[in-house]
Amino acid sequence: MSVSRFFDNRNTLGALFLLPAAALLLVFLTYPLGLGTWLGFTNAKIGRAGEWIGLENFQFLFGDAVARLSLFNTLFYTLVASVFKFVLGLWLALLLNKSLPFKAVLRAVVLLPFIVPTALSALAFWWLYDAQFSVLSWTLAKMGLIDSYINFLGDPWLARLSTIAANIWRGVPFVAITLLAGLQTISPSLYEAAALDGATEWQKFWHVTLPMLTPIIAVVMTFSVLFTFTDFQLIYVLTRGGPLNATHLMATLSFQRAILGGALGEGAALATAMVPFLLAAITFSYFGLQRRAWQQGGADK
Amino acid sequence: MSQFKRRDFLKMSAGLAAGVPLLAHGQAKPAAFAYRPEKGARLRVLRWKRFVQGDEDAFMAHTRRFEQKFGVQVRVDHEGFEDVRPKAAVAANVGSGPDVIYGFFDDPHLYPDKLVDVTDVANYLGAKYGGWYDVCRTYGMSGGKWIAVPLGAAGACFTHRISHVQAAGFREFPKDTAGFLELCKALKAKGTPPGFALGNATGDANSWCHWLVWAFGGKMVDEKNNVVINSPETIRALEYGKELYQTFVPGTLSWLDPNNNKAFLDGQISVTNNGISIYYAAKNATDPKVKELAPDIGHANFPIGPIGRATELHLFSQAMIFKYSKVQQAAKAYVAFMMEKEQYEPWQQAAIGYVTQPLKAYESNPIWTVDPKHTPYRDCVKNMTPNSYAGRLGYASAGTMADFVMVNMVAEAASGSRSPKEAAERAQARAQRYYKV
């Protein structure tokens with residue numbers, strides 16, 4: 001086979017064109033992920049190569065109260081934040097989809113929390129939640145509504161809710177703007193048809209908007225769940241996982257153990273333990289939310 | 001012959017007074033160390049980012065002086081103090097990076113075989129400057145040789161408002177834990193409470209929580225690295241901590257390292273544990289309200305507990321030279337140069353005593369006496385107990401501290417989320433996991 005024939009072959013050429021992308025994926029995604037997973041099965045320490053120890057790290061973590069607490073925190077954080085981000089995001093998208101004055105400006109403003117670097121907005125929240133200097137507490141106190149400053153980050157449950165609120169604030173724009181894009185792809189003729197059939201606003205939403213929007217909801221919520229589940233910066237700035245480890249997420253604990261504590265293998269195992277949960281979230285959105293029959297007005301089989 | 005004379009002189013003068021400046025730089029060397037940097041060397045140094053501006057200014061000025069004197073180019077990178085450990089670890093791991101890294105606490109003991117033996121530098125400096133404090137040997141030595149050259153510690157004292165302490169009925173700051181609790185109760189009653197960080201604050205929370213447990217005789221491990229934190233002594237310490245916590249300003253469970261500085265400078269708390277940076281900030285403040293505070297700020301060493309001796313923990317830093325460095329002699333020269341009197345004393349002065357020396361001779365640095373408020377910081381390294389107490393430094397002690405086992409235990413017991421006994425049991429279980437390997 002001559003060289004020119006070789007390059008004329010569609011399959012060869014296709015593979016050749018794919019090579020750069022495949023190489024990038026391999027070097028920057030597959031290799032680190034593989035290495036991280038492998039480290040999770042070793043007793044590697046920082047500055048010392050590890051040996052294969054099988055599932056010992058995972059057994060260790062399972063028996064560790066702080067690691068179990070971080071799993072609970074992560075699930076709670078992700079669940080509550082995602083639900084709120086979805087509801088608020090959808091609501092905001094529906095509002096922005098109406099003909100409002102200054103529509104373009106409003107849409108740009110909504111994106112702001114998403115544009116500001118997380119580390120910076122987290123710092124702003126750190127001041128808002130400060131035990132001594134919180135402007136929220138100050139305002140409420142001046143209004144005579146509270147006697148003592150709110151212990152936003154000092155009480156375990158309050159700290160969980162406060163960090164979740166900050167996460168929601170940051171995450172809503174992403175959901176809202178993406179869903180808004182989805183809303184604009186829905187053909188007005190569907191709404192006209194529904195109106196002719198005498199559908200109420202609620203029925204229009206339930207039988208037209210929501211089914212037409214589900215594919216994009218599936219995508220946006222998958223991303224949202226992934227971002228939330230792996231959140232790090234916000235917690236690291238606000239609490240470092242405190243008080244009493246009440247806000248430690250798996251990502252922050254993994255960093256604390258692996259990098260600051262030097263237990264690379266254990267930290268990697270903790271990070272690896274996040275993968276099944278992430279896969280479950282992706283699977284759910286793929287198979288759970290992409291229900292074609294329902295989308296087209298039929299019933300699920 | 002001249003060397004012999006000099007040794008004699010050293011012995012004599014060491015007996016006379018530790019504080020006398022012993023020898024000028026550039027004379028014959030007592031140990032086998034000599035300044036012999038490689039010709040045309042380029043040196044990369046990584047150190048922690050200053051806490052007070054004067055530190056960095058002087059440090060860099062001395063670095064420039066080193067460059068001129070030895071014809072060596074030096075690049076100094078500054079990283080936040082908590083980022084130094086991961087960077088140093090990665091450098092050790094991959095065998096490439098800065099030639100010199102100023103790290104903290106257990107760092108050299110995490111990868112001792114990757115570090116250059118600096119026994120010659122340490123012996124030279126020790127002989128020249130009145131010897132190292134005991135704790136420096138623990139931190140700097142491994143297997144009978146020096147693997148790091150101690151730089152000093154960002155020492156902490158009990159920073160307090162003199163007028164508040166007096167208004168609470170105390171003529172001077174209490175020297176023991178019993179008196180300190182009385183003071184805190186009185187301060188609370190006067191509406192000027194104390195505040196100590198109980199969040200995951202690497203510096204401040206570790207510092208005072210270790211002091212508290214050690215002061216009552218509790219310790220994480222014994223001399224053989226067996227975990228013994230669940231002891232009657234620890235529980236007594238935690239009960240004391242619980243009483244102390246009742247007097248704190250609200251919100252300390254959420255406090256990270258900067259919180260106590262902010263609260264103190266705003267006049268919301270009257271006692272906390274901190275470096276001299278609060279005083280430094282007040283003295284150099286542009287806001288007249290904050291500047292006004294400076295004369296009222298006092299410093300005292302951590303009170304002594306029932307164990308009867310000082311039990312302090314300070315942010316201890318040491319210079320490590322990595323074996324992968326191609327200019328090890330230049331690295332050694334740099335590290336030694338920065339510790340010489342001509343550099344070290346002005347550096348301490350520029351930082352108004354933010355860093356306490358590891359070498360006894362620098363006790364006589366005028367910075368400690370020019371303002372009596374500086375004096376307590378002079379003794380920080382002398383009073384210091386290593387974080388691995390009473391066991392060995394290494395992965396287990398580093399992991400236990402990085403995971404806030406001591407801090408979480410104190411916070412759990414103090415806040416009442418667990419009883420002192422439960423908190424101690426939990427800490428025991430957590431620490432055992434680190435020390436089992």
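## Domain arrangement and a helix pair

In chain B, the centres of domain 1 and domain 2, taken over C-alpha atoms, are separated by 30 Å. This is a predicted model, in which local features need pLDDT of at least 70 and side-chain atom pairs count only at pLDDT 80 or more, while totals for chains, interfaces and linings use all residues. Residues are numbered from 1 along each chain as its sequence is written, and chains are lettered from A in the order in which they are written.

| Chain | Domain 1 | Domain 2 | Separation of centres |
|---|---|---|---|
| Chain B | 2-153 + 314-378 | 157-313 + 403-435 | 30 Å |
| Chain A | 1-40 | 56-295 | 35 Å |

In chain A, four residues from domain 1 and seven residues from domain 2 make the contact, where contact requires C-beta atoms, placed from the backbone, to lie within 7 Å. The side of domain 1 of chain A that touches domain 2 of chain A comprises one nonpolar, three polar and no charged residues, with Ala, Val, Leu, Ile, Met, Phe, Trp, Tyr, Cys and Pro counted as nonpolar, Asp, Glu, Lys and Arg as charged, and the others, Gly among them, as polar.

Also in chain A, the axes of helix α4 (residues 65-97) and helix α8 (residues 156-184) come within 6 Å and cross at roughly 40°; axes are lines fitted to C-alpha atoms over the stretch in contact, with angles from 0 to 180 degrees between N-to-C directions, and helices are DSSP runs (H or I, at least four residues) numbered from the N terminus. α4(A) and α8(A) are therefore oblique to each other, since angles under 35 degrees count as roughly parallel, over 145 as roughly antiparallel, 65 to 115 as roughly perpendicular and the rest as oblique.

Conventions. Domain bounds come from an automatic or database domain assignment. Two residues are in contact if their C-beta atoms, placed from the backbone, lie within 7 Å. Helices (H or I, at least four residues) and strands (E, at least two) are DSSP runs, numbered from the N terminus.
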